[in-house]
Amino acid sequence: MPSAVATCAFSCAMVAVGRPIHSAICQPTCAAQQLATATREQQRVDQASAGQARLQAFVKAQGASRFVNLQTLEQNPFRFGNEVLLVAVQMTEARTPSEGVVRNANRGGRDCCTRALVQGDVRNWDAHSRLVAVRVKGRKSDTRATEVLLLEALGSQVCTEADCEDVLRGPQGWLKEGAL
């Protein structure tokens, strides 16, 4: 089904060639639809730019060098050395005020099963997704699993969207892994 703007443009074009389709309302309706579309697009760009500004401020404050997901860290937690990394996660359970289990923030159901143990002040964390600046500490034996990824939380920022789209998706698209 064609969009309202495409239908509007077709109807207005038909009026221009002498076929009076919606002639009384064509131009005001088309102009209103085009303005609404342009306004929505500008709001999207403004929101994405504001999210990118929040991301860059957080990156600078934490000294993070790159964005990675938990699956990448799980494959080889030692490859990043002592770098400060940025991950987007959701708390699944707090074990103590200074230790919690997290998973990747929801990005369309991908990688829902990778878990990590985060050490740091997690007492105020809830189920909202968040960006976390971390240092990888390796792996830790766990009573519920053979080994889990162990991360030291240096700082965090709550996301508005479940997948942290409000911060990780800029005007040019999603932040790519490895970038910042």
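Trainee: Does Q90 count as buried or exposed, given its relative accessibility?

Mentor: The model is a predicted one, and all that follows is computed from it. The cut-off for the buried class is under 20% relative accessible area. Q90 has a relative accessibility of 12%, so the residue counts as buried.

Trainee: In which strand is Q90 found, and what is the overall order of helices and strands?

Mentor: The protein has four helices and eight strands. Read along the sequence, these elements follow the pattern α-α-β-α-β-β-β-β-β-α-β-β, and Q90 is found in strand 2.

Trainee: What separation is found between the C-alpha atoms of Q90 and L131?

Mentor: Along the chain, Q90 and L131 are 41 residues apart.

Trainee: How many bridges join strand 2 to strand 5, and which residue of strand 5 is the bridge partner of V87?

Mentor: Strand 2 and strand 5 run antiparallel and are joined by five bridges. Within this pairing, the partner of V87 in strand 5 is V132.

Trainee: Which residue in strand 3 stands opposite M91?

Mentor: Strand 2 pairs with strand 3, residues 99–104, in the antiparallel sense over six bridges. The two strands form a hairpin with two residues between them, and the strand 3 residue opposite M91 is V102.

Trainee: Does strand 1 run parallel or antiparallel to strand 2?

Mentor: Strand 1, which covers residues 66–67, is joined to strand 2 by two bridges. R66 has L85 in strand 2 as its bridge partner, and the sense in which strand 1 and strand 2 run is parallel.

Trainee: Which element supplies the largest share of the largest nonpolar core?

Mentor: That core has 19 residues, and L70, L73, V87 and L151 touch the most other members. Helix 3, strand 2, strand 4, strand 5 and strand 6 each supply at least two of its residues. The largest share, four residues, comes from strand 2.

Trainee: Leaving aside neighbours within four places in sequence, which residues are in contact with L151?

Mentor: L151 is one of the residues that touch the most other members of the largest core. With those sequence neighbours set aside, its contacts are L70, L73, A116, L117, V118, Q119, V134, R135 and V136.

Trainee: How many residues make up the second, separate core?

Mentor: In soluble globular proteins, nonpolar side chains tend to be buried together. The second core is separate and includes L55, A105, L168 and L175, and its count of residues is 16.

Trainee: Among contacts between residues at least 6 apart in sequence, what percentage joins residues at least 24 apart?

Mentor: As a background, buried residues make up 36% of the 180 residues in the protein, and its accessible surface comes to about 10200 Å², of which 52% belongs to carbon and sulfur atoms. For the contacts between residues at least 6 apart, the part that joins residues at least 24 apart is 55%.

Technical notes. Residues numbered from 1 in each chain as written. Predicted model: local features only at pLDDT ≥ 70, side-chain atom pairs only at ≥ 80, totals over all residues. Heavy atoms only, no water. Core = buried A, V, L, I, M, F, W, Y, C linked by side-chain atoms within 4.5 Å. Buried < 20%, exposed > 50% of the residue type's maximum accessible area, 1.4 Å probe, protein only. Contact = heavy atoms within 4.5 Å. Areas by Shrake-Rupley, 256 points an atom, 1.4 Å probe, with all protein chains shown as cover. Pairing = 2+ DSSP bridges.
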